[in-house]
Amino acid sequence: MSLGDLVLLPLDVFAARVSARPDAVAVVFGERRMSFADLDRESDRVAQVLRRRGIGLESRVGLCVARGFGMAVGVLGVLKSGAAYVPLDPSYPEGRLRWLAEDADVAAVLTESGLSGPWDGMPVVHLEDSAAESSLVRPGPLNTACVFHTSGSTGQPKGVAVEHRNLAHVWAVWEEIYGLVADPPCFVSVTGLAVDLFLADLLRSVFAGGTLVIASDEERADAGRLLDLIGHHDRVAVCL
């Protein structure tokens, strides 16, 4: 039996949390809350929109959304479609965003209707779009889950593909060391979408049955407001 057979893939881990805690709070942004059931339903809708556009296994989808629920919904929606997400932080210069999307050869850019970007000539899907229900393709251990680009400090940025089995293994290690499911934590996310720590925060909180609190741009920029945000939640972890 291979190591890949010994751990659950991320989407299976998430499905187990939805089944166990459908009404619990999964994501917090500002004064609003999103339950596990709502996050599951919204990400299913996004996945079906993408599938209707012909996006599936080994497709790459640029994810460019503002801070908020769209970060979690977008990541899960792309993964559920079978595709890999390529994070595109909307705070980046347009030239860099365009280069990252082209370098990753994205099949489409998933963004929000009120968010502009340098997507001329590229297929664009909006997070708010709706679609008729369609069958989803379940990715396997060797399918790509996401592509992160290096900083480019030693030359051109390089895209690094992360497979579902990679995420499964690191999550299994975190669970073994910290017992996340037995005592689900709350993570306050302060990093940008394009930083791999955002995905790590999502995995260690929501995928364990805990809560991801997404700090706003104003809270990230003000230490006092960030401390107030942290103080409003129990068992908080913050990765800077």
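How many residues does helix α2 have, and what span should they cover at 1.5 Å a residue? Helix α2 runs over residues 36–52 and has 17 residues, which should span 24 Å. In this predicted model, the end C-alpha atoms of α2 are 24 Å apart, in agreement with that expectation.

**The protein as a whole**

The protein contains eight helices and eleven strands. Its radius of gyration is 17 Å, close to the 18 Å that the globule rule gives for 240 residues, so the protein is as compact as a globular protein of that length. The C-alpha trace spans about 50 × 45 × 40 Å along its principal axes.

Of the 240 residues, 51% count as buried. The protein exposes about 11,000 Å², and carbon and sulfur atoms supply 51% of this area. Contacts between residues at least 6 apart in sequence were also examined: 68% of them join residues at least 24 apart. As for charge, there are 21 positive and 31 negative side chains, and the centres of the two sets lie 2 Å apart.

Several residues of α2 are buried, among them Phe36, Leu39, Val46 and Leu50. The buried residues of this helix also include Ser43, Arg45 and Gln48.

Aspartate 40 belongs to helix α2 as well. When its neighbours within four places in sequence are left aside, aspartate 40 is in contact with Phe14, Val18 and Lys80. Aspartate 40 and arginine 220, by comparison, are 180 residues apart in sequence and 27 Å apart in space, C-alpha to C-alpha.

Just after α2, glycine 54 takes a positive phi of about 85°. The loop between α2 and β3 (60–64) holds glutamate 58.

**Helix α5 and its surroundings**

Helix α5 covers residues 164–178 and has 15 residues. From its first C-alpha to its last it reaches 21 Å, close to the 21 Å expected at 1.5 Å a residue. Its buried residues are His164, Leu167, Ala168, His169, Trp171 and Trp174. These residues pack against the helices α1 (10–20), α3 (69–81) and α6 (196–205), and against the strands β7 (144–149) and β8 (159–163).

The loop between β7 and β8 contains glycine 155. Glycine 155 has a relative accessible area of 40% and is therefore partly exposed. Glycine 155 and alanine 26 are 129 residues apart in sequence and 39 Å apart in space, C-alpha to C-alpha.

**Residues with a positive phi**

Most residues other than glycine have a negative phi.

| Residue | Phi |
|---|---|
| Glycine 54 | about 85° |
| Glutamate 58 | near 70° |
| Aspartate 105 | near 55° |
| Glycine 179 | about 60° |

Two of these entries, glutamate 58 and aspartate 105, are residues other than glycine. Aspartate 105 is located in the loop between α4 (94–103) and β5 (108–111).

Is aspartate 105 buried or exposed? Its relative accessibility is 62%, and a residue counts as exposed over 50%, so aspartate 105 is exposed. Glutamate 58, at 40% relative accessibility, counts as partly exposed, because that class lies between the buried limit of 20% and the exposed limit of 50%.

Technical notes:
Residues are numbered from 1 along each chain as its sequence is written. This is a predicted model: local features need pLDDT of at least 70, side-chain atom pairs count only at pLDDT 80 or more; totals for chains, interfaces and linings use all residues. Side-chain values use heavy atoms; hydrogens and water are left out. Helices (H or I, at least four residues) and strands (E, at least two) are DSSP runs, numbered from the N terminus. The radius of gyration is taken over C-alpha atoms; the globule rule is 2.2 Å times the number of residues to the power 0.38. Buried means under 20% relative accessible area, exposed over 50%, partly exposed in between (1.4 Å probe, protein chains only). Contact means heavy atoms within 4.5 Å. Accessible areas come from the Shrake-Rupley method with a 1.4 Å probe; for residues, only the protein chains shown count as cover. Lys and Arg count as positive and Asp and Glu as negative; His and the chain ends are not counted. The place of a charge is taken as NZ of Lys, CZ of Arg, CG of Asp or CD of Glu. The expected span of a helix is 1.5 Å times one less than its number of residues.
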